[in-house]
Amino acid sequence: MMTPETSPAEPLAVSPHRSTVFHMETRASAVAAVVEEHRLAMGLTQEALADATGIPLTTLHRSLHGHRAFDADELFRVADALGVTVSALTREAEGRSGSAA
């Protein structure tokens, strides 16, 4: 359906809400990348990290591969299992995503 704001030759404008969602996705992906690097540095398999945190393996896998974000409780459990703080993980992730809290 055409509206007065659009025409066939003109692409739809991106909603300001979409950029916020994209920004949050970027942060979640950066956190997942940091968790994955710490996991590998410790020589842990995903299965071992899942066991150590009590997070189901499929949930952990989906979080590490960007299909879902870690919730707060999961992030605390992952940080504990990796021997770091949540703030250390998020600080490192913020440095990668180029965003400030």
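Trainee: What share of the 101 residues in the protein do buried residues make up?
Mentor: This is a predicted model, in which local features need pLDDT of at least 70 and side-chain atom pairs count only at pLDDT 80 or more, while totals for chains, interfaces and linings use all residues. Residues are numbered from 1 along each chain as its sequence is written, and side-chain values use heavy atoms, with hydrogens and water left out. Buried is taken as under 20% relative accessible area, exposed as over 50% and partly exposed as in between, with a 1.4 Å probe and protein chains only. Of the 101 residues in the protein, the buried ones make up 27%.

Trainee: What pattern does the protein follow along the sequence?
Mentor: Helices (H or I, at least four residues) and strands (E, at least two) are DSSP runs numbered from the N terminus. The protein comes to five helices and zero strands, and read along the sequence its pattern is α-α-α-α-α.

Trainee: Which residues does Met42 contact, leaving aside neighbours within four places in sequence?
Mentor: Met42 is found in the loop between H1 and helix H2 (46-53), and it is partly exposed because its relative accessible area is 44%. Although Met42 and Leu82 are 40 residues apart in sequence, their C-alpha atoms are 7.6 Å apart in space. With the neighbours within four places set aside, the contacts of Met42 are Ala81 and Leu82.

Trainee: Is Thr59 buried or exposed?
Mentor: Thr59 has its place in helix H3 (residues 57-64), where Thr58 also lies. Thr58 counts as exposed because its relative accessibility is 56%. Thr59, which touches Arg68 and Glu74 when residues up to four places away in sequence are not counted, has a relative accessibility of 18% and therefore counts as buried.

Trainee: Which helix gives the largest share of the lining of the largest pocket?
Mentor: On a 1 Å grid over the protein atoms alone, a pocket is an open set of points where a 1.4 Å probe fits, with protein on both sides within 12 Å along at least five of seven lines, and lining residues have an atom within 4 Å of a point. Helix H1 (16-41) and helix H5 (86-97) each supply at least two lining residues. The largest share, four residues, comes from H1.

Trainee: How many charged residues does the lining of the largest pocket have?
Mentor: The lining includes Arg27, Arg68 and Glu94, alongside others such as Val31, Phe70 and Thr90. With Ala, Val, Leu, Ile, Met, Phe, Trp, Tyr, Cys and Pro counted as nonpolar, Asp, Glu, Lys and Arg as charged and the others, Gly among them, as polar, the lining has seven nonpolar residues, two polar ones and, for the charged class, three.

Methods
Contact means heavy atoms within 4.5 Å.
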